[in-house]
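Here are my notes on the model you asked me to look over.

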Amino acid sequence: MKLILRSDRKGLGKRGDIVEVSEGFARNFLLPKGHAIPASDGAVAQANAMRRARDLRDAADRESAQAVASK
């Protein structure tokens, strides 16, 4: 089953990633706890937006860490 992660999950992926998991894992854990949503056409666009936001946040964190390291 294809899902879009709504939060970072160790060993599975980061927020916005589209992952393939077993139906039982999706139905019993990821979906009820709100960690993922089913990957439909509209949701894929939302996943791209989540990934872009994550990439921008990571870049900003990396830049601030480099600024601290250069001091």
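**Notes on the fold and a few residues**

1. Two strands are taken as paired if DSSP finds at least two bridges between them. Strands (E, at least two residues) and helices (H or I, at least four) are DSSP runs, numbered from the N terminus. Within this pair, Leu 3 has Val 19 of β2 as its bridge partner.

2. A word on the basis of all this: the model is predicted, so local features need pLDDT of at least 70 and side-chain atom pairs count only at pLDDT 80 or more, while totals for chains, interfaces and linings use all residues. Residues are numbered from 1 along each chain as its sequence is written, and side-chain values use heavy atoms, with hydrogens and water left out.

3. The whole sheet is open and has three strands, ordered β2-β1-β3 with antiparallel pairing. At its edges are β2 (18-20) and β3 (36-38), each pairing on one side only. On average, neighbouring strands are turned by 40 degrees against each other, direction ignored. As a reminder, strands of a sheet pair through backbone hydrogen bonds, either parallel or antiparallel.

4. Helix α2 (residues 41-70) packs on this sheet and touches β1, β2 and β3. Contact here means heavy atoms within 4.5 Å. The direction of α2 makes about 35 degrees with that of β1. For such angles, axes are lines fitted to C-alpha atoms, for helices over the stretch in contact, and the angles run from 0 to 180 degrees between N-to-C directions.

5. Stepping back, the protein chain has two helices and three strands, in the order β-β-α-β-α from the N terminus. Its radius of gyration is 15 Å, well over the 11 Å that the globule rule gives for 71 residues, so the chain is more spread out than a compact globule. That radius is taken over C-alpha atoms, and the rule is 2.2 Å times the number of residues to the power 0.38. The C-alpha trace spans about 50 × 25 × 15 Å along its principal axes.

6. Is His 35 buried or exposed? His 35 sits in the loop between α1 (23-30) and β3, and it counts as buried because its relative accessible area is 17%. The classes are buried under 20%, exposed over 50% and partly exposed in between (1.4 Å probe, protein chains only). Beyond its neighbours within four places in sequence, His 35 contacts Ile 4, Leu 5, Arg 6, Ser 7, Arg 9, Phe 29 and Leu 30.

7. Rings of Phe, Tyr and Trp (its six-membered ring) pair if their centres lie within 6.5 Å; planes under 30 degrees apart count as stacked, over 60 as edge-to-face and the rest as tilted. The count by this rule is one aromatic pair. Phe 25 and Phe 29 are stacked, because their ring centres are 5.6 Å apart and their planes at 15 degrees. Phe 25 is partly exposed at 35% relative accessible area, and Phe 29 is partly exposed at 25%.

8. Finally, Lys 10 is in the loop between β1 and β2. Its relative accessibility is 89%, so Lys 10 counts as exposed.
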